[in-house]
Amino acid sequence: MRREAQTELDVIVTVELGDTSYLLVSEGEAVLVDPQRDAWRFAAAAAARRATIRHILETHVHNDYVSGALEIRAATGAEVAAPAKGGYAFPHRPMAEGDDLAVGALTLTAWHTPGHTPEHTAYVVRAGGDDDPVAVFTGGSLIVGAAGRTDLLGPDRTDELTRAQFRSLARLAGLPDTARVLPTHGAGSFCSTGSGGGARTSTIGAEHLGNQALGIPDEEDFVRLRTHELPRYPSYYRFMAPINRGGPAVVGHLPPVPSLGSREVERLVASGARIVDGRRREEFAEAHLPGSVNVELGGSFSAYVGWLFGPDQPLILVVPDPADASAERAATQLFRIGFDRVRGYLEGGVDAWRSEGRPVSSYPLGTLEELCASVQGGERPFILDVRQPMEHREGMYPGTHGVFVADLPGQLAEVPVDRETWVICASGLRASVAASLLDGMGRRVRLVAERGVTDLLADCPPAGPQRQSVR
């Protein structure tokens, strides 16, 4: 941003969602763009700038997280400004095509840029009386190296929205090359098609040179290429837009995550709670509470919990040390996607549970070398590939059976009862989730905890043509 306009820009990345929020400050006034639900961190950023948040700006009705707009409004009195066509049920300032918003010496002008969603709106930033924009908040339209997905509202609207995205991208690409591109979605977001190698912001000029979506000149080719072989997106997405349109309840802070004794965990499980174990896959395989699901506490934690459970499901956590910090980290990720029924975490972890004489389960790990020896030795092991369907179509190891990890609970009949199942994916993360699900359902499993299908194909060439199946 230009120095003479006395502006400052904080780029605040939520790595776990692959999303970016922005705090734009001019002459002591600030606008906050696309905040997540744990909004107190944005208020702290404004305080560090000694700025007053005057507006919270939404680019679209979010599908991947619960908005923090109402949290910030309750804390600061700031005005919520959002797309006029968004159908929001709470008081807000509707932003239609051409509407302006003043922030200090800056003017933000709304551009209706449908595609990622029908109401999607970008905001072009001008400094002082300058005609040339200095930046544009592009939300889920033009993103670094790619474009926002257009299939999130279902197949009936995908073609319409993809064509709208093509036109919106062309319009944004007409801005000056020097204008900064400030998208919400980016690398790691399921709302994105492709990525820009991890960069969160860019310029129009750089996108002309390196954005594949802008390099497709024909609308029909754009529709075909941008809707082909898209990965599945998490099941929890279907809950987000209704929450964000209606306005999520304001809570003011992260709900507490209490420690729970073993007896209380047993009681909660008996009443329907599920256990999510965030420890490393090797530790989980060695010993875990029966029926618990292993989703490692990392960048994909909330996505896979949200794939497997609904927001009304009571959850109990088992977390790595330090327990308090890990429990808060896990609960924060779940809070962002509207999973508020975290009852607490197991005090003392699996060691405390086991020391009281309570049962634990376990299953073995297997290396690629051991799997290869089994295959080449004629044992014909049952291999379950739990990657995404699009990855299955790109290449599977001959003789394996493909079921996406999130589909396993509904396709248990595909997994044999009388044989051990080797579970594999690309790196071990999804395989660890799947192995825990199968173990909890009474299947014999062996987890390939490191490396994956690509390595197996490279290091263990199939002896000849074999049958493979995909579900």
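Predicted model: local features only at pLDDT ≥ 70, side-chain atom pairs only at ≥ 80, totals over all residues.

**The cavity and a pocket**

The largest cavity has a volume of about 50 Å³. Rolling a probe the size of a water molecule over the atoms shows where empty space is left. When the whole structure is searched, one cavity of 30 Å³ or more is found.

Which residues line the largest cavity? They are Ala147, Gly148, Arg149 and Thr150, then Thr162 and Gln165, and finally Thr193, Phe222 and Arg226. Two or more of the lining residues come from each of β12 (146–148), α3 (155–173) and α5 (219–226). By class, this lining of the largest cavity comprises five polar, two nonpolar and two charged residues.

Let me turn to the second largest pocket. Its space amounts to about 280 Å³. The second largest pocket is lined by 15 residues, of which Arg279, Glu283, Gly349, Val350 and Asp351 are the closest to its centre.

Which element gives the most to the lining of the second largest pocket? That element is α11, with four residues. At least two lining residues are supplied by each of α8 (281–286), β20 (342–346) and α11 (349–355).

Thank you for your attention.

Methods: Residues numbered from 1 in each chain as written. Heavy atoms only, no water. 1 Å grid on protein atoms, 1.4 Å probe; cavity = no way out; pocket = protein on both sides within 12 Å on 5 of 7 lines; lining within 4 Å. Points joined across faces, edges and corners; volume = space filled by probe spheres on them. Nonpolar A, V, L, I, M, F, W, Y, C, P; charged D, E, K, R; others polar.
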